[in-house]
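The tour begins with the whole chain and then moves from one selection to the next.

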Amino acid sequence: MKVQGWMFLWLSLFILVVAGVYGVWSKEPVGTTALFLAFGLSLMIGFYLAFTARRVDAMAQDNKEADVADEAGEVGFFSPHSWQPLSLAVGGALAFLSIAIGWWLLFFSFPILLIGLWGWVFEYYSGENQNQ
């Protein structure tokens with residue numbers, strides 16, 4: 001994690017230099033603002049990773065002599081057959097579409113989003129998947 005922190009901190013320094021050069025050269029405020037915001041985002045991520053790396057044990061990526069198999073293990077549990085992401089995607093698409101069409105569409109997208117979120121959270125509390 002230490003390596004990623006330093007990479008983001010160096011990236012933020014590079015973006016800061018590019019933002020300064022771009023701002024002076026182009027005199028275009030939108031791109032300059034976007035680059036300064038990208039600098040801030042990269043700085044926050046780099047600071048978080050560097051700060052967290054001091055509080056956790058060294059990982060295999062921090063060891064120069066580590067093998068690929070040193071970080072092997074279980075990543076997590078992923079539901080192989082859930083329909084809830086589809087419901088959330090449809091509800092989210094309708095919610096974002098309401099910006100272009102009209103705010104009245106939010107009244108139809110919020111129930112779809114809530115049903116998808118409720119189903120995703122409580123998917124393994126009832127039905128055939130209760131004991132997983």
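A contact here means heavy atoms within 4.5 Å. This is a predicted model, in which local features need pLDDT of at least 70 and side-chain atom pairs count only at pLDDT 80 or more, while totals for chains, interfaces and linings use all residues. Residues are numbered from 1 along each chain as its sequence is written, and side-chain values use heavy atoms, with hydrogens and water left out.

Switch to a cartoon view. The protein chain has four helices and zero strands, in the order α-α-α-α along the sequence. The radius of gyration of the protein chain is 22 Å, well over the 14 Å given by the globule rule for 132 residues, so the chain is more spread out than a compact globule. That radius is taken over C-alpha atoms, and the rule is 2.2 Å times the number of residues to the power 0.38. Helices (H or I, at least four residues) and strands (E, at least two) are DSSP runs, numbered from the N terminus. Along its principal axes, the C-alpha trace spans about 55 × 50 × 20 Å.

The protein chain exposes about 10500 Å², of which carbon and sulfur atoms supply 72%. Accessible areas come from the Shrake-Rupley method with a 1.4 Å probe, and for residues only the protein chains shown count as cover. Of the 132 residues, 21% count as buried. Buried means under 20% relative accessible area, exposed over 50%, and partly exposed in between (1.4 Å probe, protein chains only).

Select W6, W10, L13, L16, V17, V21, W25 and F36: together they make a nonpolar surface patch of about 920 Å². Patches take residues with over 30% relative accessible area and no salt bridge, joining like charges within 9 Å and nonpolar side chains (Val, Leu, Ile, Met, Phe, Trp, Tyr) within 5 Å. A salt bridge is a side-chain nitrogen of Lys or Arg within 4 Å of a carboxyl oxygen of Asp or Glu. Helix α1 (residues 2-26) gives the most to this patch, with seven residues. W10 lies in helix α1 and counts as exposed because its relative accessibility is 55%.

Stay on helix α1 and select I15. Is I15 buried or exposed? I15 is buried, since its relative accessible area is 14%. Leaving aside residues up to four places away in sequence, I15 touches L35, A38, F39 and S42. The C-alpha atoms of I15 and F39 are separated by 5.5 Å, although the two are 24 residues apart along the chain.

Next, select K27, in the loop between α1 and α2 (29-53). K27 has a positive phi of about 55 degrees and is not a glycine. Most residues other than glycine have a negative phi. At 70% relative accessibility, K27 counts as exposed.

Finish with the aromatic rings. Rings of Phe, Tyr and Trp (its six-membered ring) pair if their centres lie within 6.5 Å; planes under 30 degrees apart are stacked, over 60 edge-to-face, and the rest tilted. The count by this rule is four aromatic pairs. F47 and F51 form a stacked pair, 5.8 Å centre to centre with 20 degrees between the planes. Both lie in helix α2, four residues apart, about one turn of the helix. F122 and Y125 form an edge-to-face pair, 5.6 Å centre to centre with 65 degrees between the planes.
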